[in-house]
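Here are my notes on the model you sent. Please read them with the sequence and coordinates open.

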Amino acid sequence: MSRASRGSHAIPMAMALWLCGAVLPRASHALDFDATGWWRTRYFFMDGVPLNPAGNDKNTEFLDYRFALYPTLSVTDEIKIKARVDILDDVIWGNNENEPSILTGLSKGTSSYDRTLAPVDEVEINHLYGDIRTPVGIVRIGRQPSSFGLGILANGGGTLEWGPDGNGPETGDTVDRLLFLTDLGQGLGWKDEHWLMGVAYDRTIELGVFSQGDDVNDFIFVTLYSDGKLAPVRVAGNTEVGTYSVLVTKSGSSTTVGIQEGYFRFKRSVAESTWLFVEGEGMIAFGASNRSGLVGNNKRQDFVDSVTEGLVETLGPFGEEIAENGTDVGLIANLVAQGLEEEGLSPAVAQTVASQGASAGFDVARDEPLEVLLGGGVVRAGVESGPGRFTGEWGYSSGGDDENVLINFVGPVDATGPEAKEALTAQVDDALGAAITGTKGTSYPSTPNTTLP
Amino acid sequence: MILYEEAGPLEPVNLKPTVHNTMYLKGTGEWQLDDATRLWAAVIWGELNEGVETYHIEGADDGDESTPVTVVQDGKKTDLGIEIDAGIDHQFGENLRAELKLGYLFVGSAFGPTADDIFMIRPQLAITF
């Protein structure tokens, strides 16, 4: 699962912005430009990290950057164009290209890679959308953040995180969406309460404009009751209840997945300056999906394709058979790891990379729909009294009983020297020999939109 | 939670840290020292819902070429261990904020039989506007 909005109570931003706008006096002006944002730098020191690509040296330390800019161009009071621009998004300090010399570092001591040494665009426009306010609600069109509740399923990210809330959702969930939102509470004459309701359409996969069979569409219905004072990004009322429903369909296939999520928050005063609160969110996804039907993410597709190609190259016709029919995720991970080891990677790194590749959906049969059952939830309860706040939290995230773990934790595997490596490969071959004829797997990729804080 | 994110199961698409396939319990205490400074601490216990196959290599590094290198399966493990986090953050005026986070994960068996505990220091400085 991907990251959640640790502690935030996000709703679709458009809801809040529209409601704020609806109660503010409207001044007439044109082409007003405004921007907010933040810049940060972080230092990481980790000791004993099992996934450290440095292998035996299990210490690591590095620094990274990020600059997030949120510009708004107000064409009129009712029509605005908004964006989020990320600059050097989690780019690590220094020149990270292949073995630069010290002199290279003196002349060009920078590059643009993230901590996985994946190249990063120095400037990324992650959101760009238009807001059109109408008398009955707001229409938002374009590439925009997707957020709801505590952020288990949808979390727009892009916010700084402090304190015990973890490291933050980073880039967050972004969708190409047509959204309409309204406040039925206003229609009912409510003054301090809101009944937000919205519908949205997302195009999540469009691999080729001349191929209709690969299109994946999401249809979303959202509703939220809140007695809170609505403000941009955040809603934190004393009473909130909401639902978020998604229907995922893929053109020309049997993929149909339903996702249902519920969210609640109750906060009550029990004494002077003392509050009790409880909040929670749960989601379940069910239905059937073929390989790329559930998760619309081109990066995933690209990665799956590259791993597939590598497997075919490594194993020949047998690899092709596996690629077409799918098999157990662990088996594929190990097979790919062998190929990576032969390319010179250490076993630990090869195993890690291969596991990630397999988990990206490689294990799922290409042609047959797969039963989907995902679930997750979180419940928090606590007390706020004076300067103190104490919280207990329970979280659960699962892909179902037969979900394979997406990463094999590999300990400090040491196979130094060609003899040891050869012997290791032989052992792995022997260990896998019986399993190579194994049955088709029943695992599936975990949706990146399912997040626990 | 910072270490579960950094060292736990990685989100498969962009390989960035996250927490998934996990059940956890977390207790958090925060204390506002003044208007600008906050202290906090948290304890997290986690377990994988689906265990991971763990194994270790024997005979690869003992310097004796006659020793066979073997992969020893240790079975499926689910225990992620217990993490203890603590931190302090301070707001300098309206636009500058800094924090220091510390985390220590007593690793569970899911990290393999030879994994060491994980320790992390993560200061952060931010300018907001």
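**Review notes**

1. Start with a strand residue. Glu279(A) is in strand β12 of chain A. The model is a predicted one. Is Glu279(A) buried or exposed? Its relative accessibility is 1%, so Glu279(A) counts as buried, the cut-off being under 20%. What does the side chain of Glu279(A) contact? The partner is the side chain of Arg265(A), in a polar contact at 2.7 Å.

2. Now a contrasting site. Lys191(A) is in a loop of chain A, between α3 (184-187) and β8 (194-205). Relative accessibility there is 77%, so Lys191(A) counts as exposed, for which the cut-off is over 50%. Its C-alpha atom is 12 Å from that of Ser226(A). Along the chain, Lys191(A) and Ser226(A) are 35 residues apart.

3. Next, the nonpolar packing. The largest nonpolar core has 28 residues. Which of them touch the most other members? They are Leu153(A), Tyr244(A), Val246(A), Val248(A), Ile259(A) and Met283(A). Several strands of chain A each supply at least two residues of this core: β7 (174-183), β8, β9 (216-226), β10 (239-250), β11 (256-271) and β12 (274-289). Strand β2 (37-58) of chain B likewise supplies at least two. The largest share, four residues, comes from β9(A).

4. On strand pairing, take β3 (residues 59-74) and β4 (residues 79-87) of chain A. They run antiparallel and are joined by six bridges. Four residues lie between them, and the two strands form a hairpin. Leu69(A) stands opposite Val85(A) in β4(A). As a general point, side chains in a regular strand alternate between the two faces of the sheet.

5. Strand β4(A) also pairs with β5 (residues 123-134) of chain A. The sense is again antiparallel, over nine bridges. Here Ile79(A) stands opposite Ile132(A) in β5(A).

6. Some totals for chain A. It has eight helices and 15 strands. Of its 453 residues, 52% are buried. Take contacts between residues at least 6 apart in sequence: 67% of them join residues at least 24 apart. The chain exposes about 19,400 Å², with 59% of that supplied by carbon and sulfur atoms.

7. Confidence in chain A needs a caveat. Its mean pLDDT is 69, and 54% of its residues reach 70 or more. Where does pLDDT stay under 50? One such stretch is residues 1-25 of chain A, where the model has 120 contacts beyond four places in sequence. Residues 399-453 of chain A are also below 50, with 176 contacts in the model beyond near neighbours in sequence. Where pLDDT is low, the predicted coordinates should not be read in detail.

8. For chain B, the mean pLDDT is 78, and 66% of residues reach 70 or more. Residues 8-18 of chain B stay under 50. That stretch has 48 contacts in the model beyond four places in sequence.

9. The model has an ipTM of 0.85 and a pTM of 0.71.

Technical notes
Residues numbered from 1 in each chain as written. Chains lettered and ligands numbered in written order. Predicted model: local features only at pLDDT ≥ 70, side-chain atom pairs only at ≥ 80, totals over all residues. Heavy atoms only, no water. Buried < 20%, exposed > 50% of the residue type's maximum accessible area, 1.4 Å probe, protein only. Pairing = 2+ DSSP bridges. pLDDT = per-residue confidence, 0-100. Contact = heavy atoms within 4.5 Å. Core = buried A, V, L, I, M, F, W, Y, C linked by side-chain atoms within 4.5 Å. Areas by Shrake-Rupley, 256 points an atom, 1.4 Å probe, with all protein chains shown as cover. Polar contact = N/O pair within 3.5 Å; in protein donor to acceptor, adjacent residues only side chain to side chain.
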